[in-house]
Amino acid sequence: QVQVGESGGGLVQPGGSLRLSCLASGLRLDDYYALGWFRQAPGKEREGVSCISRIDGSTTYAESFKGRFTISSTNAKEMVYLQMNNLKPEDTAVYYCAAIHYYCSEYALQTGWRTSYFGTWGQGTQVTVSS
């Protein structure tokens with residue numbers, strides 16, 4: 001049984017950092033090819049942040065997150081982290097982890113998550129950036 005769960009959200013001041021963690025258990029390497037992070041701000045559509053390949057550890061970032069956010073995973077390929085630096089109020093959102101059937105790619109971040117084949121979502125963790 002596949003289970004995905006996030007932790008590490010909270011309240012942080014602008015300019016601060018936060019690291020999100022996600023445990024995805026019960027995954028088959030030949031079925032779930034990537035782990036990824038997405039977010040949804042109030043009143044906005046969900047958007048892809050980053051993903052990491054469970055095959056070779058390669059990463060993909062949505063353009064607007066390059067430089068401030070870093071995705072990483074353990075050798076066991078079931079834990080994935082999102083290090084977020086220099087946080088801004090506009091980063092306030094619910095952050096979701098996902099175990100993804102697709103290969104880690106811009107397609108998975110931009111389009112694939114909209115499909116029924118996409119994968120398994122976590123319940124989300126709230127990140128609030130405010131002074």
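Reader: Let's start with Cys104: is this residue buried or exposed?

Author: Happy to start there! Keep in mind that this is a predicted model. Buried means under 20% relative accessible area. Cys104 has 15% relative accessibility, so this residue counts as buried.

Reader: And which residue does Cys104 pair with in a disulfide?

Author: First the general idea: a disulfide is a covalent bond between the sulfur atoms of two cysteines. Here, Cys104 is bonded to Cys51, with 2.2 Å between their sulfur atoms. The torsion about this S-S bond is 90°, and the link is right-handed. The two partners come from distant parts of the chain, 53 residues apart: Cys51 belongs to strand 5 (residues 47-53), while Cys104 lies in the loop between strand 9 and helix 1 (106-110). Cys51 counts as buried too, because its relative accessibility is 0%.

Reader: How many disulfides does the structure hold?

Author: There are two. Cys22 and Cys97 are also joined by a disulfide, with an S to S distance of 2.1 Å. This pair, too, connects distant parts of the chain, with Cys22 in strand 3 (residues 18-25) and Cys97 in strand 9 (residues 93-100), 75 residues apart. Both Cys22 and Cys97 are buried.

Reader: Why is the disulfide of Cys22 and Cys97 left-handed?

Author: Look at the torsion about the S-S bond. For Cys22 and Cys97 it is about -80°, so this disulfide is left-handed.

Reader: What pattern do the disulfides of the chain follow?

Author: Count the bonded cysteines along the chain, and the pattern reads 1-3, 2-4.

Methods
Residues are numbered from 1 along each chain as its sequence is written. This is a predicted model: local features need pLDDT of at least 70, side-chain atom pairs count only at pLDDT 80 or more; totals for chains, interfaces and linings use all residues. Side-chain values use heavy atoms; hydrogens and water are left out. A disulfide is a pair of cysteine sulfur atoms within 2.5 Å. Helices (H or I, at least four residues) and strands (E, at least two) are DSSP runs, numbered from the N terminus. Buried means under 20% relative accessible area, exposed over 50%, partly exposed in between (1.4 Å probe, protein chains only).
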